[in-house]
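Hello,

Here is the structure I promised to pass on. Please open it alongside this note; my findings follow below.

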Amino acid sequence: MHATSQFSHFRLAIAPGVPSSCLSTLLALQRTEEPDTPIAFFEASGDDLVIGLEEGRYDAGISLRHVSAPFLRSQPLWIDNMAVAMPLRSSLLGRATLTTAEVLDYPGFRWQAETCPLLDQRLSSFPPLSEQSMQHVTSFEILALWVAAGYGVGISAQSRIERAHAWGITMRPLSDAPYEVVTHLQRPRERASAISELFERRAMQVAKDSAAYSNTR
């Protein structure tokens, strides 16, 4: 455990799409190793997170966007792959993998908070009618609801789909590219504190452990 002042606190902004088992592990580690440092959590849009870091409202932020700005450090942490969510009784279950083009042959759902620039670029390369088959939803839970009910397929982070198996959905990988969702830790360059430094070390350790676990699967 690291000794800290009882007046120390840590203001962490979290953008939509980030919450995951890795983040839970990181926050549990933070609470265990530094129980006397209270954390204030803020749900923030990507833009507000960056502005808040610049203005000093947040000590650190976690988002799915890589931010290139002179006043910020942006550190990639853990990586997930986008995959296809489908009902347990889908006609596609006989396929080991699917391509993005094949997915667009079916009604589909996507939660845009899971930012994946390469996937967005790929989807934009298809004719407008193909793109219209992909409906945007406001949460992963809504995506899983429609997919489990048999209204189409979804594209989401592989780990989320796997954890939602009990809802009545299963997963197949996308084979045409490694569409990666990367979680980033952002911190101001000029206002580094001992608390922020220790939080980043813990985040990097969780990311390292997550990568090692993924390689053994």
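**Helix H6 and what follows**

Just after H6, Gly150 has a positive phi of about 90°. Keep in mind that this is a predicted model.

H6 itself spans residues 140–148. Its buried residues are Phe140, Leu143, Ala144 and Val147. Seen down the helix axis, they fall within an arc of 95°, so they line one face of H6. What does that face pack against? The buried residues of H6 pack against strands S4 (72–87), S5 (108–111), S6 (134–137), S7 (153–157) and S8 (169–173), and against helix H7 (158–163).

**Arg110**

Arg110 sits in strand S5. Is Arg110 buried or exposed? Arg110 is buried, at a relative accessible area of 2%; the cut-off for buried is under 20%. The side chain of Arg110 reaches the backbone oxygen of Glu114 at 3.2 Å. Leaving aside residues up to four places away in sequence, Arg110 touches a list of residues that includes Leu143, Asp120, His136 and Ile155. Leu143 is also one of the buried residues of H6.

**The whole chain**

The protein chain has eight helices and nine strands. Its radius of gyration is 19 Å, close to the 17 Å that the globule rule gives for 217 residues, so the chain is as compact as a globular protein of that length. The C-alpha atoms fill a box of roughly 60 × 35 × 25 Å along the principal axes. Of the 217 residues, 47% count as buried. The chain exposes about 11,400 Å², and carbon and sulfur atoms supply 54% of that.

Best wishes

Technical notes:
Residues numbered from 1 in each chain as written. Predicted model: local features only at pLDDT ≥ 70, side-chain atom pairs only at ≥ 80, totals over all residues. Heavy atoms only, no water. Buried < 20%, exposed > 50% of the residue type's maximum accessible area, 1.4 Å probe, protein only. Helix = DSSP H or I, 4+ residues; strand = E, 2+ residues; numbered from the N terminus. Arc of directions from axis to C-beta. Contact = heavy atoms within 4.5 Å. Polar contact = N/O pair within 3.5 Å; in protein donor to acceptor, adjacent residues only side chain to side chain. Rg over C-alpha atoms; globule rule 2.2 N^0.38 Å. Areas by Shrake-Rupley, 256 points an atom, 1.4 Å probe, with all protein chains shown as cover.
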